[in-house]
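Welcome, and thank you for stopping by. Please take a moment with the sequence and the 3D view, and then read on for a guided tour.

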Amino acid sequence: MFTTELAEQLISVEKKVSQDGRLLDEYSFEQTCPMNIRMMLMPIEENDYCFLWEISQSSKNIFKFSLHVQEDESKTGLVRVDYNGHHRNPETDNGLLPSKFKPYIGKRFVNTSHIHYHVEGYNSLAWALPIEDVPQIATKFIGNSKIDFVNALLDFTKIINLKTRIIINPQIL
């Protein structure tokens, strides 16, 4: 089981998109609607972990950016940002809950933007904070603007310490 501290360390590791065994300096993709993209990320410095970055959009225009650590055949969620989503935090503190989550015990998020984190002793990504409480995320809402999506995606690359430059085909946005 991952500790909360290990999850935070893994989020902060410098990563690049991996394709055919190579670490890429740039990666481009076209936005489809609904969007569903998966990329393998590898640490720049050698370590035992690889990561899965998923970008998805539901038919209800709920956007999700998530980072998972891959272990053998399983994956453990480290961080996920949900725009326009729904979620309810657990009702109890198991004694390992970091203080930043305590004001949000049992909090319901309805059609709002929030960020999930791995917390030791709970199901994967069970805990979330309002996105307004996370200064690293400048984009607090994704509307129908192409710019909102691009900015939100770039905010997430900073959170996960992605060093690959992401290029989104502007023709399709």
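Leu125 has its place in the loop between strand 8 (108-117) and strand 9 (127-130). Helices (H or I, at least four residues) and strands (E, at least two) are DSSP runs here, numbered from the N terminus. This is a predicted model, in which local features need pLDDT of at least 70 and side-chain atom pairs count only at pLDDT 80 or more, while totals for chains, interfaces and linings use all residues. Residues are numbered from 1 along each chain as its sequence is written, and side-chain values use heavy atoms, with hydrogens and water left out.

What is the phi of Leu125? The value is near 55 degrees, which is positive in a residue other than glycine. Most residues other than glycine have a negative phi. Leu125 is also buried, with a relative accessible area of 5%. Buried means under 20% relative accessible area, exposed means over 50%, and partly exposed is in between (1.4 Å probe, protein chains only).

Asn161 also has a positive phi, near 60 degrees. This residue is found in the loop between helix 2 (146-159) and strand 10 (165-168). Asn161 counts as buried, with a relative accessible area of 18%.

Now for the whole protein. The fold has two helices and 10 strands, and from the N terminus on the elements run α-β-β-β-β-β-β-β-β-β-α-β. The C-alpha trace spans about 45 × 40 × 30 Å along its principal axes. With 173 residues, a compact globule would have a radius of gyration near 16 Å, and the protein agrees with its 16 Å. That radius is taken over C-alpha atoms, and the globule rule is 2.2 Å times the number of residues to the power 0.38. Buried residues make up 49% of the 173 residues. Among contacts between residues at least 6 apart in sequence, 54% join residues at least 24 apart, where contact means heavy atoms within 4.5 Å.

Two strands pair if DSSP finds at least two bridges between them. Across this pairing, Lys16 stands opposite Met42 in strand 4.

Strand 4 is also joined to strand 5 by six bridges, and these two run antiparallel. They form a hairpin with six residues between them. Phe51 in strand 5 is the bridge partner of Leu41.

Next come the charged side chains. How many salt bridges does the structure hold? There are seven, a salt bridge being a side-chain nitrogen of Lys or Arg within 4 Å of a carboxyl oxygen of Asp or Glu. Side chains of opposite charge can pair when their charged atoms come close. Three of these pairs are listed here.

| Salt bridge | N to O distance |
|---|---|
| Arg38 and Glu54 | 2.8 Å |
| Arg88 and Glu91 | 2.7 Å |
| Asp93 and Lys102 | 3.1 Å |

Salt bridges that share partners join Arg38, Glu54 and Lys75 into one network. Arg38 and Glu54 meet in a salt bridge. Arg38 lies in strand 4 (residues 36-43) and Glu54 in strand 5 (residues 50-57), so the pair ties together parts that are 16 residues apart in sequence. Glu54 counts as buried, at 16% relative accessibility. In the Arg88 and Glu91 pair, Arg88 is partly exposed at 46% and Glu91 is partly exposed at 48%.

A search of the whole structure finds 10 aromatic pairs; rings of Phe, Tyr and Trp (its six-membered ring) pair if their centres lie within 6.5 Å, with planes under 30 degrees apart counted as stacked, over 60 as edge-to-face and the rest as tilted. One aromatic cluster is formed by Trp53, Phe63, Phe65, Tyr83, Phe149 and Phe156.

Some rings also carry a charge over them, a term used if NZ of Lys or CZ of Arg is within 6 Å of the ring centre and within 35 degrees of the ring normal. The charged end of Lys100 sits over the ring of Tyr117, 4.5 Å from its centre. Lys107 places its charged end over the ring of Phe109, 5.1 Å from the centre.
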